[in-house]
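I opened this entry to keep track of what I looked up.

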Amino acid sequence: MTAAELNSLSVLALAHVGDAVYELFVRTYLARHGQHKVVDLHRATVNMVKAPAQARAASVILPLLTEEEHAVYKRGRNSHVNSVPRGASKAEYHAATALEAVFGYLHLAGRDERAQELFDAV
């Protein structure tokens, strides 16, 4: 996508894509690192993609973000969400949405190597 196309998307659309991208990174990581039973893969995936875990991941990558990525992060963090899932605070959910927005933005911009680099930092 072009920069103009990316900037025309809502931040929640970026987060929607980023949710899938981030989960794919998690699933790939777990499969490569010894998790073999499907039930174990599923449990570990859920633990790593729920909002509190994503909020911790966001705090790790935040200092590594470029100005452009940080702007997307801030848009995601400040987005208006209608509900917060059980087990997550509002702040955690906003940070998780911001993380997902960054991963969605990078993927749609064709910058999957950068997304992998940020995921590896987590």
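How many nonpolar, polar and charged residues does the lining of the largest pocket have? I count nine nonpolar, six polar and four charged. I note that this is a predicted model.

Next I looked up the volume. The largest pocket comes to about 310 Å³. Of its 19 lining residues, Ala51, Pro85, Tyr93, Thr97 and Glu100 are the closest to the centre. I then asked which helices contribute. Helix 2 (11–32), helix 4 (51–61) and helix 6 (90–108) each give at least two residues to the lining.

I moved on to glutamine 54, which sits in helix 4. Is glutamine 54 buried or exposed? Its relative accessible area is 1%. The cut-off for buried is under 20%, so glutamine 54 counts as buried. I listed its contacts, leaving out residues up to four places away in sequence: Tyr22, Met48, Val49, Ala96, Leu99 and Glu100.

Then the whole chain. I find seven helices and zero strands. Along the sequence the pattern reads α-α-α-α-α-α-α. The radius of gyration is 14 Å, close to the 14 Å that the globule rule gives for 122 residues, so the chain is as compact as a globular protein of that length. Its C-alpha atoms fill a box of roughly 45 × 30 × 25 Å along the principal axes.

Last, burial and contacts. Of the 122 residues, 39% count as buried. The chain exposes about 7100 Å², and carbon and sulfur atoms supply 54% of that. Among contacts between residues at least 6 apart in sequence, 69% join residues at least 24 apart.

Terms used:
Residues are numbered from 1 along each chain as its sequence is written. This is a predicted model: local features need pLDDT of at least 70, side-chain atom pairs count only at pLDDT 80 or more; totals for chains, interfaces and linings use all residues. Side-chain values use heavy atoms; hydrogens and water are left out. On a 1 Å grid over the protein atoms alone, a cavity is a set of points where a 1.4 Å probe fits but cannot get out, and a pocket is an open set with protein on both sides within 12 Å along at least five of seven lines; lining residues have an atom within 4 Å of a point. Grid points are joined across faces, edges and corners, and a volume is the space filled by probe spheres set on the points. Helices (H or I, at least four residues) and strands (E, at least two) are DSSP runs, numbered from the N terminus. Ala, Val, Leu, Ile, Met, Phe, Trp, Tyr, Cys and Pro count as nonpolar, Asp, Glu, Lys and Arg as charged, and the others, Gly among them, as polar. Buried means under 20% relative accessible area, exposed over 50%, partly exposed in between (1.4 Å probe, protein chains only). Contact means heavy atoms within 4.5 Å. The radius of gyration is taken over C-alpha atoms; the globule rule is 2.2 Å times the number of residues to the power 0.38. Accessible areas come from the Shrake-Rupley method with a 1.4 Å probe; for residues, only the protein chains shown count as cover.
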